Amino acid sequence: KVIPENAARVAALLAGEVDIIMQLPPHLMKRVEDNPNTNVLPVKGTRTWYIAMNNNKKPFDDVRVRRAANHALNKKLIIDKVLNGLAVPLKGVVSSQSDFHNPNLPEYAYDPEKAKKLLAEAGYAGGIDATLDAGGPEKELAEAVASQLTKVGIRTKVQIWETAVISKIWRVGFKHVDRVKHDMWMSNWGNLSLDPVGLLQPTMRTMGRGNASGYSNAEVDKQIDAAAVSADKNKRIELYRKAQATVTDAAPWLFLWVTKDVYGGTA
């Protein structure tokens, strides 16, 4: 059954209408825990969560604005208060669980004053207005992020969509006619192997099938392509780590976290 609304999905589980549900929102976990017939089932996650900023549309075509957005976010607070601690913050694209993760990436530390300064340097001292697209299950997270962005001058409203509809707009590269109208999108990408061939290649390579941000860098493309076909793991690690460093510096995404996948199930 497709039940996109969070409360309705949980209600169906509690009523015994379904046996298991995906994407149990943290704020509804207690209802499932307190019900004698249901359990909360967290499992180790492998998906990178991010907010893609439209790099080909003002104001997010300016790297200073994208960096400002990253500095505006207090990830620890959101993880603790909204995700019940069930996530690990990210400095870049690749999960720290992966052998290919670059451990030396600089961090966009929570720094509201630096975020405001970067906006001013980019010519937006008076702030900017933006819309954050998100699917129904991400509503609470998107609103928490929007609140923090708004505090530094990136005045953000949240637009909730059916996931299938908004994914089509953002994930078809640059070809969708409506894509140019959109500012930011909360989404996630990953694979069970934690190999960047299934993450960096689709999301960061020029015109990749999951390149929602529109990021493009010829050197990163070469590194990703070479790593994808190399049989030498150490060489692949070197190439992917270089690509991660370049991508983090360019900040095409608002880098979020890797969450545990939380299900609700019948006892």
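Student: Why is Asp129 called exposed?

Tutor: The relative accessible area of Asp129 is 57%. Exposed means over 50%, buried under 20%, and partly exposed in between, with a 1.4 Å probe and protein chains only. Asp129 therefore counts as exposed. This is a predicted model, where local features need pLDDT of at least 70, side-chain atom pairs count only at pLDDT 80 or more, and totals for chains, interfaces and linings use all residues. Residues are numbered from 1 along each chain as its sequence is written, and side-chain values use heavy atoms, leaving out hydrogens and water.

Student: What makes Arg155 and Asp129 a salt bridge?

Tutor: Their closest N and O atoms are 2.9 Å apart. A salt bridge needs a side-chain nitrogen of Lys or Arg within 4 Å of a carboxyl oxygen of Asp or Glu, so the pair qualifies. Arg155 is partly exposed, at 34%.

Student: Which parts of the chain does that pair link?

Tutor: Distant ones: Arg155 is in strand E6 and Asp129 in strand E5 (residues 128-135), 26 residues apart. Strands (E, at least two residues) and helices (H or I, at least four) are DSSP runs, numbered from the N terminus.

Student: How do you know that Asp80 and Lys76 are about one helical turn apart?

Tutor: Both are in helix H4, with a spacing of 4 residues, and that is why they are separated by about one turn. Asp80 is partly exposed at 39%, whereas Lys76 is exposed at 59%.

Student: Why does the pair Glu238 and Lys235 count as a salt bridge at 3.9 Å?

Tutor: The N to O distance of 3.9 Å is within 4 Å, so the pair counts. Both residues lie in helix H10 (residues 233-250), 3 residues apart. Salt bridges with shared partners join Lys235, Glu238 and Lys242 into one network.

Student: What makes the space of about 1,000 Å³ a pocket?

Tutor: On a 1 Å grid over the protein atoms alone, a pocket is an open set of points with protein on both sides within 12 Å along at least five of seven lines; in a cavity, a 1.4 Å probe fits but cannot get out. The volume is the space filled by probe spheres set on the points, which are joined across faces, edges and corners. This is the largest pocket.

Student: Which residues line the largest pocket closest to its centre?

Tutor: Arg9, Met22, Gln23, Pro137 and Glu138, of 41 lining residues. Lining residues have an atom within 4 Å of a point. Strand E7 gives the most, with 4 residues.
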